Amino acid sequence: PLLASAHESSCIRLWSIQGNLMKELLPFSEHPSGPLTALCTDIFAKIILAGSKEGYIIRWNMASFLEDPRNRKNTIKEELCCRAHATEVVDLFIEEEKNVVVTASIDGSVRLWHAMTGYYFGYFGQARKFELSDTSRLILPSDVNNFPAIIKEESKHLEKKKVEYPLVLDRDK
């Protein structure tokens with residue numbers, strides 16, 4: 001078993017039950033996700049989803065990592081990053097039988113997304129029925145203009161480097 005924690009620095013930390021840090025995940029996509037505000041997994045904890053203060057949802061696949069966490073070749077791969085709301089995501093969950101993700105935001109909206117592609121199905125309270133079988137037409141909510149980013153290549157995160165920028169007053173300049 002693992003414990004997962006989401007942080008203001010946009011990272012997810014995976015911990016052993018003994019309290020040892022096993023892995024730190026940072027978003028790889030081009031859009032900065034901002035502080036993470038919601039976290040969930042599928043029933044087998046092979047997929048982890050995070051929601052952010054900026055309205056993004058990010059999906060990681062942890063299947064190979066869970067097989068043998070000590071093997072450095074078994075990585076956690078970020079697979080999807082999409083803008084779900086214009087404001088903070090406060091809750092999300094994955095409904096595996098229908099393959100959908102449900103997100104809620106501080107703006108009061110609750111939306112449905114395709115779990116694998118990030119395609120938008122609609123929002124709760126809309127006049128039309130949800131059409132969960134049609135993922136061919138790519139539509140977006142009215143307040144979101146970024147299409148989902150499906151990340152196909154291996155993510156190669158840069159190591160955090162400690163850089164100091166001391167403030168020095170140069171009177172000659």
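1. Two strands count as paired if DSSP finds at least two bridges between them. Strands (E, at least two residues) and helices (H or I, at least four) are DSSP runs, numbered from the N terminus. This is a predicted model: local features need pLDDT of at least 70, side-chain atom pairs count only at pLDDT 80 or more, and totals for chains, interfaces and linings use all residues. Residues are numbered from 1 along each chain as its sequence is written, and side-chain values use heavy atoms, without hydrogens and water.

2. An open sheet holds 3 strands in the order β1-β2-β3, paired antiparallel. β1 (2–6) and β3 (21–25) are the edge strands; each has a single partner, so one side of each lacks a neighbour in the sheet. From one strand to the next, the twist averages 20 degrees (axes are lines fitted to C-alpha atoms; angles run from 0 to 180 degrees between N-to-C directions).

3. Strand β2 spans residues 12–16 and pairs with β1 over 5 bridges, in the antiparallel sense. Within this pairing, A4 sits opposite L14 of β2.

4. Rings of Phe, Tyr and Trp (its six-membered ring) pair if their centres lie within 6.5 Å; planes under 30 degrees apart are stacked, over 60 edge-to-face, the rest tilted. The count is 1 aromatic pair. W113 and Y120 form a tilted pair, with 4.9 Å between centres and 55 degrees between planes. Both W113 and Y120 are buried (under 20% relative accessible area, 1.4 Å probe, protein chains only).

5. In the model, residues 82–113 are 0% helix and 59% strand, and their end C-alpha atoms lie 10 Å apart.

Methods. Buried means under 20% relative accessible area, exposed over 50%, partly exposed in between (1.4 Å probe, protein chains only).
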